[in-house]
2 protein chains.
Amino acid sequence: MSNKGITPRSEEYSQWFLDIIDRAELAENSPVRGSMVIKPYGYAIWENIQKELDRRIKEKGAKNAYFPLFIPKSFLSKEADHVKGFAKECAIVTHYRLRETADGKGVEVDPEAKLEEELIVRPTSETIMYDTFSRWIKSWRDLPLKINQWANIVRWEKRTRPFLRTAEFLWQEGHTVHETHEESLKEVMEALNMYKDFASEVLALETLIGKKSNSEKFAGALDTYGVEAMMQDGKSLQFGTSHDLGQNFAKVFNIQFTDREGKLKYPWQTSWGVSTRMMGALVMSHSDDKGLIVPPKIAPIKVVIVPIYKDDNKEKVLKYSRGIYNQLIKDVDNVEFDDREFLSPGYKFNEWEKKGVPVRIEIGPKDMEAGQVVIVRRDTSEKSNIYVSEVNENVQKLLEDIQENLLSRSKDLLISNTYSVSDYKEFKDVISSKKGFVHAHWCGDPECEEKIKEETKATTRCQTEEGKKNTSKCIYCEKPGEEWVFGISY
Amino acid sequence: MSNKGITPRSEEYSQWFLDIIDRAELAENSPVRGSMVIKPYGYAIWENIQKELDRRIKEKGAKNAYFPLFIPKSFLSKEADHVKGFAKECAIVTHYRLRETADGKGVEVDPEAKLEEELIVRPTSETIMYDTFSRWIKSWRDLPLKINQWANIVRWEKRTRPFLRTAEFLWQEGHTVHETHEESLKEVMEALNMYKDFASEVLALETLIGKKSNSEKFAGALDTYGVEAMMQDGKSLQFGTSHDLGQNFAKVFNIQFTDREGKLKYPWQTSWGVSTRMMGALVMSHSDDKGLIVPPKIAPIKVVIVPIYKDDNKEKVLKYSRGIYNQLIKDVDNVEFDDREFLSPGYKFNEWEKKGVPVRIEIGPKDMEAGQVVIVRRDTSEKSNIYVSEVNENVQKLLEDIQENLLSRSKDLLISNTYSVSDYKEFKDVISSKKGFVHAHWCGDPECEEKIKEETKATTRCQTEEGKKNTSKCIYCEKPGEEWVFGISY
């Protein structure tokens with residue numbers, strides 16, 4: 001564990017975020033620009049996220065599969081908007097062999113091993129998958145087709161930050177094909193709601209869902225819908241997206257099916273995904289100045305037991321503590337017994353606080369004599385003395401309470417930092433002083449959107465269902481507009 | 001499902017293998033040379049393999065983590081043998097941006113976006129991991145360090161075959177660091193035995209374990225140990241490997257620790273892995289001319305129920321069959337109820353046979369009247385009429401029997417195709433007529449090994465513990481030698 005402290009949020013929010021990732025041992029920078037190493041503790045949280053999300057994706061009827069990492073350059077170019085969006089930030093494989101340098105001291109690219117067609121490391125898999133789908137789909141009986149892939153993705157981002165924006169990241173991408181637009185739109189919304197429910201029920205994150213503006217949509221989609229979360233500094237973080245691809249890709253990859261009337265038609269497609277970016281949202285939402293706080297439902301360690309002893313009572317305290325451990329694991333999983341030597345209880349408390357373990361049980365000689373233990377909850381730091389016979393029930397209840405409390409904090413944050421404004425002056429005041437989600441009217445013209453961004457750094461985050469119905473004057477040009485949610489995004 | 005037949009093994013073994021992969025819908029070729037698409041049914045088997053192996057890896061004390069896909073060229077070059085082994089077959093990223101072509105019709109590599117140092121798509125992760133380990137390890141208290149990674153790997157193989165040898169494949173790689181060579185050697189053997197047990201207990205595959213010869217060992221290792229399986233044509237397939245890396249990598253990546261006496265030392269390392277190649281072993285070991293046979297323990301569908309009806313009894317048969325389905329799922333997981341319309345029972349039987357579902361239950365009107373069902377086991381095609389009340393017990397027993405029978409067949413194959421020879425003439429006779437595992441003596445000189453390979457195609461597969469003690473004349477040069485297992489490898 002790092003002994004270094006954590007920069008307080010109030011002092012420098014972005015350094016606080018980096019400190020949490022470091023001190024909680026979630027990830028670290030690697031020697032490869034923009035790529036990170038996800039450390040065991042961080043990866044264990046990711047595995048718990050994956051497991052629960054994978055279950056929900058399968059419940060929706062999607063099946064997992066695996067497609068190539070490399071995409072032929074010509075595939076990426078087929079959909080005009082798609083290539084514009086992804087050509088600028090991709091890793092390109094041009095050669096397939098190294099050779100010894102003339103001085104024999106190193107290796108260099110062998111110019112004779114040049115690929116005829118360059119390969120792009122997947123920035124997303126629409127093109128490589130849909131080429132294959134065109135061979136899988138013949139008739140309406142093959143539809144809907146629902147495929148999901150867990151994979152690594154590379155986008156050559158200029159500025160990177162661990163979890164939030166990295167050159168390589170891990171994600172899940174769902175790709176579905178349908179007979180009608182009505183059906184594919186239903187899928188888009190189902191995926192979106194799956195992410196929203198997952199955020200709320202598992203990650204204890206309140207989010208907002210809605211349609212993205214044209215400038216913010218996925219390159220190649222008709223429409224993109226997003227799940228937006230709010231961080232503690234009031235900024236918004238795009239947590240996941242779900243795309244209505246229309247027939248754009250079907251047409252360029254020639255996916256066709258014979259419909260129920262025997263006619264040849266292009267199907268309607270969707271894609272949707274969330275990534276290790278969720279880990280960034282998790283850190284920024286639930287942590288405090290003492291470190292990370294992990295929601296119990298995805299905690300690799302839910303409870304840690306720290307025995308406190310001196311040489312003369314060591315054996316007794318350890319025996320008593322181990323008894324409680326054995327009792328607790330009958331009802332609670334992921335309990336850790338921290339009997340490491342050479343480390344003081346204080347050091348251990350500090351370490352587990354930084355790592356955000358939801359519940360800590362401290363057991364010293366006095367607790368032992370009283371037939372009790374001390375239970376500390378990570379979210380509120382509240383301490384209670386609990387009798388041994390009540391430990392299991394108390395811990396189970398506490399884990400539920402913590403999960404609920406984190407969600408309720410997240411809800412409060414979102415609600416208390418959401419504003420409605422009616423003119424541009426008010427908009428600028430709120431955005432500059434409070435950030436948050438600002439409901440305001442916009443005419444839909446990308447020029448107004450761009451100006452607002454230039455002048456205030458705020459972008460359209462999404463338009464909710466209700467927003468669409470709520471019309472009024474555009475805050476920028478005063479032409480008729482619909483209500484959108486603006487914010488400063490990560 | 002493909003309606004095409006399957007080439008019999010006796011006619012053309014290698015085409016039979018490709019046919020099984022196609023007809024069972026495990027995988028297919030992709031437009032990217034040497035990369036395959038793992039289809040949902042194939043991937044579901046892989047997920048079951050992963051799940052069970054991951055459990056065993058964690059039980060051994062390793063923790064999962066994730067390291068970058070890209071390796072800086074200079075890292076790969078640090079260990080002299082390592083770079084020789086992997087430089088010849090790697091994918092090299094040289095640029096990070098595409099631009100529009102002058103005619104505006106396509107995209108091309110932007111020459112201005114050239115990387116200062118090329119990045120290699122990982123052919124294995126020793127170098128990128130150990131650079132990081134050098135920062136994680138300070139003292140003997142940080143040891144042993146046991147990290148495992150599930151990842152995609154790229155090796156630019158010239159000749160590829162689905163699952164057996166593909167440019168991109170999926171694998172697990174374990175990497176451990178220890179205080180002493182004794183301890184790291186113990187780890188090497190533990191990993192090796194974990195793979196052997198997994199093969200036997202889960203995949204129903206009998207294997208042989210032992211040390212590889214110098215020419216067959218991992219580039220950069222002191223010694224490599226392998227798990228060798230025998231396919232139905234008598235050829236051997238390297239199923240997994242475990243490497244004693246000694247201090248080779250520790251020295252070049254400067255991993256040092258303060259030992260218990262306060263001295264600075266280089267630690268001892270191991271790495272070990274198995275890949276989607278296992279899927280190839282599975283197909284080649286258990287399938288027959290009718291299709292794949294999946295061992296029950298990893299079967300995505302363990303039992304399929306196929307109702308047989310005509311228009312006038314459809315409702316009754318479906319209701320009866322669904323009742324049996326509901327009864328069966330109380331005790332057995334992964335049961336599929338195949339009530340698809342438009343497909344004949346015969347077509348369905350054929351499809352599930354090709355896909356290797358261990359148990360099929362057929363239910364027609366006559367079975368319904370008799371209060372029975374017909375149960376067919378995939379491995380022997382044996383049919384039984386079973387009363388409804390006995391279905392659950394019978395199916396559970398049958399799944400165990402099939403798992404055992406597959407392993408016992410695999411054992412029989414390995415035993416009956418293992419030979420001992422004492423001279424080169426006999427060796428050549430056996431290898432050319434029977435393939436199999438041939439125990440023979442070899443002096444250890446790479447020149448003899450190379451000559452034997454040139455003249456017979458046979459390579460040393462491994463040396464078992466007993467082989468080392470069993471000395472006699474080298475079959476090629478007649479100098480003193482130890483016993484090795486030879487075979488024709490995939």
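The points below take the symmetry, the interface and then a sheet of chain B.

1. The model is a predicted one. Chain A is superposed on chain B by a rotation of 180° with 0.0 Å of shift along its axis, at an RMSD of 0.0 Å. That is the relation of a two-fold axis. Within chain A, the residue whose C-alpha comes closest to this axis is A:Val93, at 2.1 Å.

2. The interface brings 46 residues of chain A into contact with 46 residues of chain B. On the chain A side, strand β5 (residues 92–95) gives the largest share, 4 residues. By type, that side holds 28 nonpolar, 9 polar and 9 charged residues. The copies meet through the same surface, because 100% of the interface residues of chain A are also interface residues in chain B.

3. Strand β5 of chain A pairs with β5 (residues 92–95) of chain B through 3 bridges, and the two run antiparallel. In this pairing A:His95 stands opposite B:Ile92.

4. Chain B has an open sheet of 5 strands in the order β18-β17-β19-β20-β21, with mixed pairing. β18 (335–337) and β21 (383–387) are the edge strands with a single partner each, so one side of each has no neighbour in the sheet. On average, neighbouring strands are turned by 25° against each other, direction ignored.

5. B:Pro307 has B:Ile363 as its bridge partner in β19.

6. Two helices of chain B deserve a mention here. Helix α10 (residues 345–354) of chain B lies across β17 and β19, at about 170° to β17. Helix α12 (residues 391–416) of chain B lies across β17, β19, β20 (372–377) and β21, at about 5° to β20.

Key: Residues are numbered from 1 along each chain as its sequence is written. Chains are lettered from A and ligands numbered from 1 in the order in which they are written. This is a predicted model: local features need pLDDT of at least 70, side-chain atom pairs count only at pLDDT 80 or more; totals for chains, interfaces and linings use all residues. Copies are superposed by least squares on the C-alpha atoms of residues with pLDDT of at least 70 in both. Two residues are in contact if their C-beta atoms, placed from the backbone, lie within 7 Å. Ala, Val, Leu, Ile, Met, Phe, Trp, Tyr, Cys and Pro count as nonpolar, Asp, Glu, Lys and Arg as charged, and the others, Gly among them, as polar. Two strands pair if DSSP finds at least two bridges between them. Axes are lines fitted to C-alpha atoms, for helices over the stretch in contact, and angles run from 0 to 180 degrees between N-to-C directions.
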